[in-house]
Amino acid sequence: QVHIVESGGALVQPGGSLTLSCTGSGLRLDFHAVAWFRQAPGKEREGVSCISTSDGSTYYKEFVKGRFTIYRDNPKNSVDLQMNDLAPEDAAVYYCAVDLGCSWYVSDYASWGRGTQVTVSP
């Protein structure tokens, strides 16, 4: 049975950093593309970053470029998202999604975790 779990969400001050982790069981994440999405209250879920499986290419939405880094930790069977210089507008529930290829469309992903809350506040 496939199980995806996000962790690492917390309350952080503006300008601070967090590392989120997406861990898989019942599947090997290094055989799949893994994306991070986020959803703030009252807003639609939006893509943040994705790492492909074919050549390890990474993709970022413009609003996180230069601040967020996605990478694999294969011994842990996880994909982590290092987030720096966090701003209040980054506050959201962050979700991990797994599929064969990277996409910014929610409907393209078959497997999701339940999310982890990131709060950015003084």
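**Strands, cores and salt bridges**

Author: Strand β9 and strand β10 (residues 111-112) pair in the antiparallel sense over 2 bridges. A strand is a DSSP run of E with at least two residues, numbered from the N terminus, and two strands pair if DSSP finds at least two bridges between them. This is a predicted model, in which local features need pLDDT of at least 70 and side-chain atom pairs count only at pLDDT 80 or more, while totals for chains, interfaces and linings use all residues. Residues are numbered from 1 along each chain as its sequence is written, and side-chain values use heavy atoms, with hydrogens and water left out.

Reader: Which residue of β10 is the bridge partner of alanine 97?

Author: The partner of alanine 97 is tryptophan 112.

Reader: How many of the residues of strand β9 are buried?

Author: A residue is buried under 20% relative accessible area, exposed over 50%, and partly exposed in between, using a 1.4 Å probe and protein chains only. In strand β9 (residues 92-99), 7 of the 8 residues are buried, so this strand is largely enclosed by the rest of the structure.

Reader: Which residues does tyrosine 95 touch?

Author: Tyrosine 95 is found in strand β9 and is buried, with a relative accessible area of 13%. Contact means heavy atoms within 4.5 Å. Leaving aside residues up to four places away in sequence, tyrosine 95 has contacts that include Glu6, Trp36, Phe37, Arg45 and Trp112.

Reader: Which residues have the most contacts inside the largest nonpolar core?

Author: In soluble globular proteins, nonpolar side chains tend to be buried together. A nonpolar core is a set of buried Ala, Val, Leu, Ile, Met, Phe, Trp, Tyr and Cys residues joined through side-chain atoms within 4.5 Å. The largest one in this model has 25 residues, and those with the most contacts inside it are Val34, Trp36, Phe68, Leu81, Met83 and Tyr94. Among the elements that give two or more residues to this core are β3 (18-25), β5 (46-51), β7 (68-73) and β8 (78-83). Strand β9 gives the most, with 4 residues. Apart from this core lies another, of 6 residues, among them Ala33, Phe37, Ala97 and Tyr109.

Reader: What does methionine 83 touch?

Author: Not counting residues up to four places away in sequence, methionine 83 touches Gly16, Ser17, Leu18, Leu20, Arg67, Phe68, Tyr94 and Val118.

Reader: How many salt bridges does a search of the whole structure find?

Author: Side chains of opposite charge can pair when their charged atoms come close. A salt bridge is a side-chain nitrogen of Lys or Arg within 4 Å of a carboxyl oxygen of Asp or Glu. By this criterion the whole structure holds 7 salt bridges. One of them joins arginine 67 to aspartate 90, with the closest N and O atoms 2.7 Å apart. This pair links distant parts of the chain, 23 residues apart: arginine 67 is in the loop between β6 (58-60) and β7, and aspartate 90 is in the loop between β8 and β9.

Reader: Are arginine 67 and aspartate 90 buried or exposed?

Author: Arginine 67 is buried, with a relative accessible area of 17%, and aspartate 90 counts as buried at 1%.

Reader: Which residues form salt bridges with lysine 76?

Author: Aspartate 73 pairs with lysine 76, the closest N and O atoms being 4.0 Å apart, and aspartate 80 pairs with lysine 76 at 3.9 Å. Lysine 76 counts as partly exposed at 45% relative accessibility, as does aspartate 73 at 23%, whereas aspartate 80 is buried at 5%. Elsewhere, salt bridges that share partners join Arg38, Glu46, Arg67 and Asp90 into one network.

Reader: What is the order of the strands in the open sheet?

Author: The open sheet has 4 strands in the order β1-β3-β8-β7, with antiparallel pairing. Its edge strands are β1 and β7, each of which pairs on one side only. Strands β1 and β3 are joined over 5 bridges, with glutamate 6 opposite cysteine 22, and β7 and β8 over 6 bridges. Strand β1 (residues 3-7) has a covered face, Ile4 and Glu6, and an uncovered one, His3, Val5 and Ser7.
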